[in-house]
Amino acid sequence: MSVDAKQLGAWREHILAAAVGLPAEAARMANGEGRYAREKAAAVCGQKKAVDTGRYRDGFAAADCVTSGRAGNGMYTIRFFNDVEYAVYLEYGFRSHFVPEAYLAGSASGKGGIFVGEKGGYVPGRFVFREACADVAETRFARIGGQLAAYLGRVF
């Protein structure tokens with residue numbers, strides 16, 4: 001009695017090929033999650049009409065992923081941030097205040113200014129960043145699962 005192990009050998013080669021390419025594919029998927037978070041934050045910003053200009057909306061960014069913990073454990077960290085100087089105030093809110101004209105864009109005389117919010121009041125936060133992060137966390141398994149299935153389909 002004999003056994004033909006050609007198919008078993010081919011299956012083994014497919015598994016080894018998948019294992020070799022998986023770390024790079026996982027990093028690509030993690031970077032894609034960062035891009036999705038940035039796009040989602042811009043969309044939420046537009047839906048909420050958080051700002052009149054695009055500087056805050058365009059300030060969302062995601063750095064390339066880095067592995068965390070032991071090498072090869074499959075954990076990735078993606079920094080998602082908005083480095084516009086007033087982003088934290090729009091996100092969490094702030095007390096009303098006076099802005100001198102010297103700090104406003106296109107000011108000529110340096111006299112006068114504007115009052116942001118109602119006097120003695122509070123301007124509530126927009127929570128764009130928080131909402132985008134919650135949406136990414138809620139839907140990431142479906143996105144990554146589809147990408148992983150596509151990768152395995154290409155390898156096998």
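How exposed is Arg 28, given as a relative accessible area? Arg 28 is partly exposed, at 41%, where buried means under 20% relative accessible area, exposed over 50%, and partly exposed in between (1.4 Å probe, protein chains only).

**View 1. The whole chain has four helices and eight strands.** This is a predicted model, in which local features need pLDDT of at least 70 and side-chain atom pairs count only at pLDDT 80 or more, while totals for chains, interfaces and linings use all residues. Residues are numbered from 1 along each chain as its sequence is written, and side-chain values use heavy atoms, with hydrogens and water left out. Helices (H or I, at least four residues) and strands (E, at least two) are DSSP runs, numbered from the N terminus. Of the 156 residues in the chain, 24% are buried.

**View 2. The largest nonpolar core holds 15 residues.** Such a core is a set of buried Ala, Val, Leu, Ile, Met, Phe, Trp, Tyr and Cys residues joined through side-chain atoms within 4.5 Å. Among those with the most contacts inside it are Ala 41, Cys 45, Phe 80 and Val 128. Helices H1 (6-48), H3 (87-92) and H4 (128-155) each give two or more residues to this core, and H1 gives the most, with four. Beyond its neighbours within four places in sequence, Cys 45 is in contact with Ala 50, Val 51, Tyr 56, Arg 57 and Val 128; contact means heavy atoms within 4.5 Å.

**View 3. Helix H4 has a kink of about 50 degrees, centred on Thr 139.** The bend at a residue is the angle between axes fitted to the seven residues ending there and the seven starting there. Buried residues of H4 include Val 128, Asp 135, Arg 143 and Tyr 151. The buried residues of this helix pack against H1, H2 (55-58), strand S1 (60-62), strand S4 (80-82) and H3.

**View 4. Glu 25 and Arg 28 form a salt bridge, with their closest N and O atoms 2.5 Å apart.** A salt bridge is a side-chain nitrogen of Lys or Arg within 4 Å of a carboxyl oxygen of Asp or Glu. Because Glu 25 and Arg 28 are three residues apart in helix H1, about one helical turn separates them. Glu 25 is buried, at 9% relative accessibility. Arg 154 joins Glu 25 and Arg 28 in a network of salt bridges.

**View 5. Glu 131 and Lys 48 meet in a salt bridge (3.1 Å, N to O).** This pair links distant parts of the chain, 83 residues apart: Glu 131 is in H4 and Lys 48 in H1.
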